[in-house]
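Welcome! Here is a short tour for anyone meeting this structure for the first time. Have the 3D view open as you read.

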Amino acid sequence: GFLAETKDKELACTNYNASVLTSIKDVTAEVLSAVNDSMTVDARARAIDEKSRKIEKDAKGTSENTCRVSDAYNGGKYFLYTFEVIRDVRMVYAPPTSIGVYGGETDNWEWPRHTGDFAIMRAYVAPDGKHAKYSKDNVPYHPKSFLPISTAPKKEGDFSMVMGFPGQTFRYRTASEIKLAYEVTLPMTVELFQKRIDIINAAGKNDRGLEIKYAAKVRNVANYYKKYKGTMDGMRRLNLLNLRQDQEAAFNAFLDSKPELKLQYGKVLPDIATAMQDLNSFNKKQLVLSQMSQAVEMVRLANRLKGFANAFKKDSASGKMVPGSSPDELRSYLADSYKDIDIRVDKELFKAFVTEGADLPEAQQIKAIKAIVKDKTGADREKVIRDFADDIYGDSHLTDTAKAAKMASESADDIRDDRFVKFVIALDEDFMPLIDHVNKYNSNIVRLRGQWLKAYMAWKGEDIYPDANSTMRFTYGTVKSFNPRDAVHYGFITSVAGIMEKETGEGEFIVPPKERQIWEKKDFGAYADPVLNDVPVAYITDNDITGGNSGSPVINGNGELVGVAFDGNWEAVVDDYLF
């Protein structure tokens with residue numbers, strides 16, 4: 001962990017900003033003035049994007065603000081969000097791993113929870129109040145208002161509200177979309193995540209340094225792995241596909257009673273089903289290629305070098321081809337990247353993804369991988385993949401930090417001649433047409449989902465909330481216990497006593513000796529809950545939050561801070577699709 005006992009000991013976090021939302025403005029009419037009914041799907045998407053960028057630019061003007069136009073109701077409405085961005089953020093406190101991730105993946109997305117998943121940061125500005133990058137002369141930022149903290153005991157039924165930025169929900173997805181997600185996208189994503197986790201964990205089992213090096217990556221992947229498993233479990237448990245099919249049957253019956261609406265919206269559900277057939281034609285290929293570029297560090301770095309080489313331009317004075325971006329920035333990027341890379345692990349990940357690519361259906365095969373495995377199967381295929389991995393990792397300069405740094409000074413042709421850069425260029429034979437296909441699919445499905453929501457509102461009325469899309473949302477509810485299964489009851493609050501109950505002394509359940517000593521002495525000071533006679537750790541509410549809400553303030557009816565949202569429970573993970 002970390003504790004700055006004085007302000008001068010706080011750590012500068014150069015990769016963090018603090019964004020303060022200052023205004024929200026409805027710009028629907030302005031955005032949609034750029035489109036008409038005669039436009040193609042692609043032309044409409046481009047026009048909306050161009051208009052949105054212009055609105056953002058005009059709103060920003062000469063200010064330091066960040067302006068962003070986001071849609072709601074799948075393009076039914078558009079809003080301009082303006083933020084002031086604080087660029088000097090410093091670490092004040094971070095708990096040790098034994099507190100911050102107590103319970104690890106075993107407890108992740110589960111209740112009861114005993115994790116101290118929080119940190120404390122302080123924002124700084126220049127002495128004149130302007131937002132500036134880190135400087136020792138900067139002073140703490142003073143907001144116009146702040147939330148006072150309440151340590152009053154929690155009671156079941158207490159009012160609770162959350163304001164924050166949930167990422168994405170899919171509450172209005174149709175039956176055909178749910179079916180593809182449940183049967184193909186989520187299972188394959190979970191399978192690929194599992195392979196990554198298994199490879200990294202196996203390598204770190206007897207190597208503590210390697211385990212630490214990959215800890216953040218594993219936690220990130222494992223978090224989504226477990227969430228998607230919970231989502232599939234929730235879909236099955238709630239029979240979500242049947243619920244959607246019944247809903248759509250009722251919608252079609254409504255349309256049959258409204259001929260004018262049937263003429264307008266009668267094709268929207270069949271058209272979405274056709275779009276899902278299109279997605280299914282490239283879905284697995286897209287999943288393998290996108291995860292490979294994230295999971296295999298040599299592929300990621302080769303893509304960065306390829307982009308650097310492609311940006312070379314002719315110097316007007318000398319007539320020579322020179323870099324279009326800074327070689328020093330590239331060298332710095334490479335140096336930072338190698339801190340968290342182990343070549344042995346990376347090679348195993350590479351072999352796993354080449355194997356996954358070779359297993360794709362014939363119509364979704366990747367040419368660069370097909371060229372490696374040809375028609376080989378079984379042990380023969382494993383051998384050619386293993387031999388290819390040995391060759392490419394042995395030949396590429398990217399597997400050597402010093403040689404990789406020198407590549408930033410080489411010509412574009414020399415960079416492209418590296419074995420790994422050649423490989424990602426070969427991948428582009430499939431990747432670039434795929435991106436084009438994905439963009440066309442996205443333009444089409446966004447239009448169709450917008451039509452579906454218009455149809456839905458014609459049926460149910462306009463008073464429905466839009467899906468979450470990383471913009472500010474407000475939710476209110478109460479502190480509550482719940483019954484997840486037959487004869488099982490979960491209380492609404494956990495305490496340090498539960499931490500001690502779970503302690504095993506190893507892995508994810510290690511309690512620091514000092515923490516145990518204080519608890520055994522019942523030396524709780526002002527932090528004791530008089531009802532629990534212990535220190536509370538976490539509590540649960542029925543607020544509607546999802547991924548992205550982590551860190552959102554939880555506020556009581558007096559406008560006081562009473563907690564920080566940090567997770568959902570297993571039974572509710574499906575709430576991206578159904579709350």
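A cavity is a set of grid points where a 1.4 Å probe fits but cannot get out. With that in mind, the largest cavity holds about 60 Å³ of space. Please remember that this is a predicted model.

- The structure has one cavity of 30 Å³ or more.
- Which residues line the largest cavity? They are L289, M292, S293, V299, N303, V424, L427, D428 and F431.
- Two or more lining residues come from each of α11 (283-295), α12 (297-310) and α19.
- The biggest contributor to this lining is α19, which gives four residues.
- By type, the lining of the largest cavity has six nonpolar residues, two polar and one charged.

**Helix α19**
- Helix α19 covers residues 419-460, which makes 42 residues.
- From its first C-alpha to its last, α19 reaches 58 Å, close to the 62 Å expected at 1.5 Å a residue.
- At the start of α19, D418 has a side-chain oxygen that comes to within 3.0 Å of the backbone nitrogen of F420.
- After α19 comes G461, with a positive phi near 100°.

**An open pocket**
- The second largest pocket has a volume of about 260 Å³.
- How many residues line the second largest pocket? There are 15, and those nearest its centre are Y465, R473, F474, T475 and D544.
- The lining of the second largest pocket is made up of seven nonpolar residues, four polar and four charged.

**Aromatic rings**
- Across the whole structure, a search finds 23 aromatic pairs.
- Why is the pair of Y102 and F509 edge-to-face? Their ring centres are 5.5 Å apart and their planes meet at 85°, so the pair is edge-to-face, since planes over 60 degrees apart count that way.
- This pair links distant parts of the chain, as Y102 and F509 are 407 residues apart.
- Y102 sits in the loop between α3 (97-100) and α4 (104-107), while F509 sits in the loop between α20 (496-502) and α21 (513-521).

**Backbone details in loops**
- W111 and P112 are joined by a cis peptide bond, with omega at about 5°.
- To find P112, go to the loop between α4 and β7 (120-125).
- A487 is not a glycine, yet its phi is positive, at about 70°.
- A487 belongs to the loop between β12 (473-478) and β13 (493-495).

Methods:
Residues numbered from 1 in each chain as written. Predicted model: local features only at pLDDT ≥ 70, side-chain atom pairs only at ≥ 80, totals over all residues. Heavy atoms only, no water. Expected span 1.5 Å × (residues − 1). Polar contact = N/O pair within 3.5 Å; in protein donor to acceptor, adjacent residues only side chain to side chain. 1 Å grid on protein atoms, 1.4 Å probe; cavity = no way out; pocket = protein on both sides within 12 Å on 5 of 7 lines; lining within 4 Å. Points joined across faces, edges and corners; volume = space filled by probe spheres on them. Nonpolar A, V, L, I, M, F, W, Y, C, P; charged D, E, K, R; others polar. Phe/Tyr/Trp six-rings, centres within 6.5 Å; stacked < 30°, edge-to-face > 60°.
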